[in-house]
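Trainee: I would like to go through a protein model with you, step by step. Could we begin with how to read it?

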Amino acid sequence: MTKVNKIQKAPKNVVWEEFFRVHGDQITKDIEGKGMYTVTANELKAVSHSLNGPDLRLLTKLDRSGALPDVFKTGANSLSDYINILPLGYINKEYTFALGRFNAYAPLEYDQDQHPVSVKFPDVQTISPETISSESVFIDAAFTSGMLNQAFETDPKQPLMPVLHGRMGSGDMSFTAGIAKKIQVAVSSAQLEIDATFENQKSVVVIEAKAVPEPDFLVRQLYYPYYMLKNSRGVTKPIIPTFLVLLNG
């Protein structure tokens, strides 16, 4: 029997290093001059494919600053100086991303003086506190146990209702980003994913959930849904962007 060696897959850090090796000078020039460098999905796929790297979703999934490739952090003095990637959606009929110093991450700070509040878990057989295995189940448990209504101090006669989740298009968006160099960012039908949305008669709660504690989070995971609901869908109620994290099990 002939032994076949599997082709080793390149991690996304290596793929981005190669991309910057080829395009680094232009990336630096465009970021310093225009505030951003644009790259199409097909251009990223081509580099990753040549190295047997990850697919586009994994290549651009950088939900926390610790997941950023090393080349995004080169020469940066702080979190706000890192190069980040933002999906711009369809520009000239091609799905496009922007690289720039967008200050895309915000630190997660926990109030050390707060103490856990006990909530009685409902008498159900399908899930339990011991079987929470994913972020979606974590959200279901938070809702089913009444924790979300308690946290947002909702009127018992007007409880939160689950209304929206999953992948969808952003519609057209326009906003400013960055600190030292503020730039206008235009987005057209970028893909976004909402972990959960709840609504009652007074407000809408948009949730980004993580099953492990993180030091920071990607702001657009809440900002893109917020913008889409407020502008594309015309929500007039107060929208409350919420980061939900599971701590210590």
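What follows is a set of questions and answers on this model.

Mentor: This is a predicted model, in which local features need pLDDT of at least 70 and side-chain atom pairs count only at pLDDT 80 or more, while totals for chains, interfaces and linings use all residues. Residues are numbered from 1 along each chain as its sequence is written, and side-chain values use heavy atoms, with hydrogens and water left out.

Trainee: What is Trp16 in contact with, beyond its neighbours within four places in sequence?

Mentor: Contact means heavy atoms within 4.5 Å. With those neighbours left aside, the partners of Trp16 are Leu44, Leu59, Pro69, Val71, Phe72, Ile85 and Leu99.

Trainee: Which buried residues does helix 5 have?

Mentor: The buried residues of helix 5 pack against helix 6, strand 8, strand 9 and strand 11. Just after this helix, Gly146 takes a positive phi of about 85 degrees. The buried residues themselves are Val137, Phe138, Ile139, Ala141 and Ala142.

Trainee: Is Thr242 buried or exposed?

Mentor: Thr242 lies in strand 11. Leaving aside neighbours within four places in sequence, Thr242 is in contact with Phe152, Val205, Val206, Ile207, Glu208 and Leu222. Its relative accessible area is 15%, so Thr242 counts as buried.

Trainee: Which backbone oxygen does the side chain of Thr242 reach?

Mentor: A polar contact is a pair of N or O atoms within 3.5 Å; within protein, one must be able to donate a hydrogen and the other to accept it, and residues adjacent in sequence count only if both atoms are side-chain atoms. At 3.2 Å, the side chain of Thr242 reaches the backbone oxygen of Ile240.

Trainee: How is Tyr110 classed, buried, partly exposed or exposed?

Mentor: Tyr110 is found in the loop between strand 4 (105–107) and helix 5. Beyond its neighbours within four places in sequence, Tyr110 is in contact with Pro213, Glu214, Val245 and Leu247. Because its relative accessibility is 33%, Tyr110 is partly exposed.

Trainee: How far apart in space are Tyr110 and Asn92?

Mentor: In sequence, Tyr110 and Asn92 are 18 residues apart. From C-alpha to C-alpha, their separation in space is 43 Å.

Trainee: Which element supplies the largest share of the lining of the largest pocket?

Mentor: On a 1 Å grid over the protein atoms alone, a pocket is an open set of points where a 1.4 Å probe fits, with protein on both sides within 12 Å along at least five of seven lines; lining residues have an atom within 4 Å of a point. Of the 35 lining residues here, the closest to the centre are Pro116, Val117, Met147, Val245 and Leu247. The largest share, five residues, comes from strand 11.

Technical notes: Helices (H or I, at least four residues) and strands (E, at least two) are DSSP runs, numbered from the N terminus. Buried means under 20% relative accessible area, exposed over 50%, partly exposed in between (1.4 Å probe, protein chains only).
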